[in-house]
Amino acid sequence: MRIRLLLALPLLATTAGCDIFDPYKREGTWRPTAANERNLATMAVIPAERVQGTGAAGAAGFTAAGAIDRLRVDRVKPLPDTGLARIITVPGGGGN
């Protein structure tokens, strides 16, 4: 039993530093927020949320929908010229 413990200690010591490789613990990465669970709980309490949810405060749904409509009818607005970078069109570069 003691030998097993002595053999396991180095293994435990080497895996202790693995937190830096865990994608959920690295700085600047997405972390689970339990949003799905909160949404399900809201739908259980307020049945109307099952039919049509509530948008986030400040969400730009109409703006995004308009952009999709323009994309579908091939009337995409050009990007604004901010002077920060030169934007060029590459023929066939759309990934179609």
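Visitor: In what order do the elements of the protein run from the N terminus on?

Guide: They run α-α-α, and the protein has 3 helices and 0 strands. Helices (H or I, at least four residues) and strands (E, at least two) are DSSP runs, numbered from the N terminus. This is a predicted model, in which local features need pLDDT of at least 70 and side-chain atom pairs count only at pLDDT 80 or more, while totals for chains, interfaces and linings use all residues. Residues are numbered from 1 along each chain as its sequence is written, and side-chain values use heavy atoms, with hydrogens and water left out.

Visitor: How many residues has H3, and what is its reach?

Guide: The expected span of a helix is 1.5 Å times one less than its number of residues. H3 has 12 residues and reaches 17 Å from its first C-alpha to its last, close to the expected 16 Å.

Visitor: Which residue takes a positive phi just after H3?

Guide: That is Asp74, with a phi of about 60°, although Asp74 is a residue other than glycine. Asp74 counts as exposed, because its relative accessibility is 69%. Here buried means under 20% relative accessible area, exposed over 50%, and partly exposed in between (1.4 Å probe, protein chains only).

Ala34 also has a positive phi, of about 65°, and is not a glycine. You will find Ala34 in the loop between helix H1 (2–15) and helix H2 (35–45). At 40% relative accessibility, Ala34 counts as partly exposed.

Visitor: What share of the residues of the protein count as buried?

Guide: Of its 96 residues, 1% count as buried. Glu49, in the loop between H2 and H3, is buried yet has no salt bridge. A salt bridge is a side-chain nitrogen of Lys or Arg within 4 Å of a carboxyl oxygen of Asp or Glu. Lys and Arg count as positive and Asp and Glu as negative, while His and the chain ends are not counted. For Glu49, the nearest side chain of opposite charge is Arg50, 9.6 Å away.

Visitor: Which residues does Glu49 touch, not counting those up to four places away in sequence?

Guide: Contact means heavy atoms within 4.5 Å. On that basis, Glu49 touches Thr42, Met43 and Thr54.

Visitor: And where is Val76, buried or exposed?

Guide: Val76 lies in the segment after H3 and is exposed, with a relative accessible area of 55%.
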